[in-house]
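The walk below starts with a hairpin and ends with charges.

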Amino acid sequence: MSIPITLTPQGVAQISAKKGNALFFSVSTTYTIPATGWYRLSALGAGGSGGAIFTTTTGGAASGGGGGAFGESEVYLLAGTVLNITIGTGGTAASSSISGSGVAGTSGTASLITAPGITYINAGGGGAGTFTVSNAATVLGGVGGACSLANLINATGGAGGSATHTTNAANGGGGGGAGSPYGTGGAGGASSTTVIGGGG
């Protein structure tokens, strides 16, 4: 029997038999393996949030958050094994409301699948974006999350887009894409403009 378990950012877990219906979980939980056999486990870390910049006459720039990592592995599990499924939480949105200032984003957290004494999947969350109010300065986006274990698939999340502060403008970089079974997530678009703008 082969049952894939898939975690996606912000609270979704999937468990499905090879020829059966899928079960989805929206919160961190446990799952007891029903039958001895090979199982496919996969997890997707949560993305980081981008920085924020308050639009002023002097301007500024804020970079995008990084995407979460994706990891997948196949393991042989005994009936009755209790898997602990931890859903990664996305970075809290940043908000700036003070003229001439900015606020950094926060990192996403890892999604994990563990059992007592062993970690099967640890898919890291994406890094936080940041900001600058210095003219002509560039801030890099948050780093993409990475898997900390040797899995069949280790796909790093894409980095958040960078942003360059140009005179009297406020702009922001785009968020990085999540890793997936098909490879590394794409990088967020960079932003450098003399008017308000954002990278995709």
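**A hairpin and its sheet**

Strands β11 and β12 run antiparallel and are joined by 5 bridges. Strands here are DSSP runs of E with at least two residues, and helices are runs of H or I with at least four, numbered from the N terminus. Two strands pair if DSSP finds at least two bridges between them. This is a predicted model, in which local features need pLDDT of at least 70 and side-chain atom pairs count only at pLDDT 80 or more, while totals for chains, interfaces and linings use all residues. Residues are numbered from 1 along each chain as its sequence is written, and side-chain values use heavy atoms, with hydrogens and water left out.

β11 and β12 form a hairpin, with 2 residues between them. Gly117 sits in the turn and has a positive phi of about 85°.

Strand β9 (residues 82-86) is antiparallel to β11, and 3 bridges join the two. Thr86 has Leu112 in β11 as its bridge partner.

Now widen the view. An open sheet of 4 strands runs in the order β4-β9-β11-β12, with antiparallel pairing. Its edge strands are β4 (29-32) and β12, each of which pairs on one side only. From one strand to the next, the twist averages 15°. Axes are lines fitted to C-alpha atoms, for helices over the stretch in contact, and angles run from 0 to 180 degrees between N-to-C directions.

**Inside and edge**

How many residues of β11 are buried? The count is 4 of 5, and the strand is mostly covered. Buried means under 20% relative accessible area, exposed over 50%, and partly exposed in between (1.4 Å probe, protein chains only).

Ser111 counts as buried because its relative accessibility is 0%. Its side chain reaches the backbone nitrogen of Gly88 at 2.9 Å. Ile118 is in β12, residues 118-123. Ile118 has 39% relative accessibility, so it counts as partly exposed.

Next, the rings. Rings of Phe, Tyr and Trp (its six-membered ring) pair if their centres lie within 6.5 Å; planes under 30 degrees apart count as stacked, over 60 as edge-to-face and the rest as tilted. The count comes to 1 aromatic pair. Trp38 and Tyr76 form it edge-to-face, at 5.5 Å centre to centre and 65° between the planes. Trp38 lies in β5 (residues 37-44) and Tyr76 in β8 (residues 70-77), so the pair ties together parts 38 residues apart in sequence. Trp38 is partly exposed, at 48% relative accessibility.

Last, the charges. Side chains of opposite charge can pair when their charged atoms come close. A salt bridge is a side-chain nitrogen of Lys or Arg within 4 Å of a carboxyl oxygen of Asp or Glu. The count is 2 salt bridges. Arg40 meets Glu72 at 4.0 Å, N to O. Arg40 lies in β5 and Glu72 in β8, so this pair ties together parts 32 residues apart in sequence. Arg40 also forms a salt bridge with Glu74, where the closest N and O atoms are 2.5 Å apart. Shared partners join Arg40, Glu72 and Glu74 into one network. Glu72 is buried at 14% relative accessible area, whereas Arg40 is partly exposed at 33%. Glu74 is partly exposed too, at 35%.

Terms used
Polar contact = N/O pair within 3.5 Å; in protein donor to acceptor, adjacent residues only side chain to side chain.
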